[in-house]
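Subject: Structure handover

Hello,

Please find the structure below, with notes on what was found in it.

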Amino acid sequence: MTAGRPTLYTPKLVKAAWDYVNGGWITAGDKVPTVAGLACEIGVHRDTCHEWAKDDSKKFSDILQEIAQKQERELVNNGLTGDFVAPITKMMLTKHGYSDKVEQDVTSSDGSMTPKDTSAAVLAALQAKHKSD
């Protein structure tokens with residue numbers, strides 16, 4: 001028989017976690033649902049939530065995925081209406097794959113900025129060098 005600390009993971013705790021996901025975060029005073037908020041409400045460390053999510057038999061990953069999905073929705077909707085502070089919203093949305101990175105492909109209409117093909121000149125220089133060897 002193995003001895004150890006009894007698990008905090010119980011059906012009652014899972015119900016409390018789903019209650020948080022399904023609106024309890026609002027009652028708790030959170031502006032968006034978060035894993036930290038969930039952890040506080042169910043009385044565990046957020047690392048514990050992430051560990052439980054790795055265990056397929058616990059199905060806790062569904063809870064964390066719902067939190068992420070609802071968080072993203074709240075951030076987008078409240079960011080668009082101006083109800084949330086833009087820099088914080090922008091920073092939090094990066095965790096959901098959003099970015100304001102701008103990629104530029106610089107070209108010129110007259111071709112003056114187009115790289116010249118120098119491979120023939122390099123080849124000729126190499127051939128000339130090897131002929132002299």
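Gly24 is partly exposed, with a relative accessible area of 21%; buried means under 20%, exposed over 50% and partly exposed in between, with a 1.4 Å probe and protein chains only. This residue, Gly24, lies in helix α1. From Gly24 to Met113 there are 89 residues in sequence and 58 Å in space, C-alpha to C-alpha.

Some notes on the source. This is a predicted model, in which local features need pLDDT of at least 70 and side-chain atom pairs count only at pLDDT 80 or more, while totals for chains, interfaces and linings use all residues. Residues are numbered from 1 along each chain as its sequence is written, and side-chain values use heavy atoms, with hydrogens and water left out.

On the overall form: the protein has 6 helices and 0 strands, in the order α-α-α-α-α-α along the sequence. Helices (H or I, at least four residues) and strands (E, at least two) are DSSP runs, numbered from the N terminus. The radius of gyration is 28 Å, well over the 14 Å that the globule rule gives for 133 residues, so the protein is more spread out than a compact globule. That radius is taken over C-alpha atoms, and the rule is 2.2 Å times the number of residues to the power 0.38. The C-alpha trace spans about 85 × 55 × 20 Å along its principal axes. Of the 133 residues, 22% are buried.

Next, α1 and α4. The axes of helix α1 (residues 11-27) and helix α4 (residues 60-81) come within 10 Å and cross at roughly 10 degrees. This makes α1 roughly parallel to α4, a label for angles under 35 degrees. Axes are lines fitted to C-alpha atoms, for helices over the stretch in contact, and angles run from 0 to 180 degrees between N-to-C directions. Contact (heavy atoms within 4.5 Å) involves, among others, Leu13, Trp18 and Trp25 of α1 and Phe60, Ile63 and Lys70 of α4. By class, the contact of α1 with α4 has 10 nonpolar, 1 polar and 4 charged residues. Here Ala, Val, Leu, Ile, Met, Phe, Trp, Tyr, Cys and Pro count as nonpolar, Asp, Glu, Lys and Arg as charged, and the others, Gly among them, as polar.

Last, α2. In helix α2 (residues 35-42), the buried residues are Val35, Gly37, Leu38, Ala39 and Ile42. They pack against α1, α3 (46-54) and α4. After α2 comes Gly43, with a positive phi near 80 degrees.

Regards

Notes
Angles under 35 degrees count as roughly parallel, over 145 as roughly antiparallel, 65 to 115 as roughly perpendicular and the rest as oblique.
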